[in-house]
Amino acid sequence: MNDEYVNRMVRRRIGLDALRRLRRLVDAGRAQEAGNARLAQRLAIALAVLAGLTFLLFVFR
């Protein structure tokens with residue numbers, strides 16, 4: 001094997017590892033965004049229920 005081939009394979013391996021690391025970062029970011037979306041939905045529902053209960057409290061008082 002010559003040095004050119006070894007260098008090319010090393011660069012290929014490093015590039016693939018970098019792409020894998022980047023993919024893990026993207027996946028982690030997407031998972032975080034999905035978690036934030038679920039939390040926002042739960043908070044919106046809780047706020048709507050609280051607003052409805054407050055409205056009923058003032059109407060039937």
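Is Arg20 buried, partly exposed or exposed? Arg20 is partly exposed, with a relative accessible area of 45%; here buried means under 20% relative accessible area, exposed over 50%, and partly exposed in between, with a 1.4 Å probe and protein chains only.

A quick word on what you're looking at. This is a predicted model, in which local features need pLDDT of at least 70 and side-chain atom pairs count only at pLDDT 80 or more, while totals for chains, interfaces and linings use all residues. Residues are numbered from 1 along each chain as its sequence is written, and side-chain values use heavy atoms, with hydrogens and water left out.

**Salt bridges**

Searching the whole structure turns up three salt bridges, each being a side-chain nitrogen of Lys or Arg within 4 Å of a carboxyl oxygen of Asp or Glu. Here they are:

| Arg13 and Asp17 | 3.4 Å | four residues |

Helix 1 covers residues 3-59; helices are DSSP runs (H or I, at least four residues), numbered from the N terminus, and strands would be E runs of at least two. Through shared partners, salt bridges tie Arg13, Asp17 and Arg20 into one network.

How open are these side chains? Arg13 counts as exposed because its relative accessible area is 54%. In the Arg23 and Asp27 pair, Arg23 is partly exposed at 47%, and Asp27 is partly exposed at 35%.

**A nonpolar patch**

Which residues form a nonpolar patch on the surface? They are Ile45, Val49, Leu53, Phe55, Leu56, Val59 and Phe60, with about 740 Å² of accessible area together. Areas come from the Shrake-Rupley method with a 1.4 Å probe, and for residues only the protein chains shown count as cover. Patch members need over 30% relative accessible area and no salt bridge; nonpolar side chains (Val, Leu, Ile, Met, Phe, Trp, Tyr) are joined within 5 Å, like charges within 9 Å.

Take Leu56 from that patch. Leu56 is found in helix 1, and its relative accessible area is 40%, so Leu56 is partly exposed.
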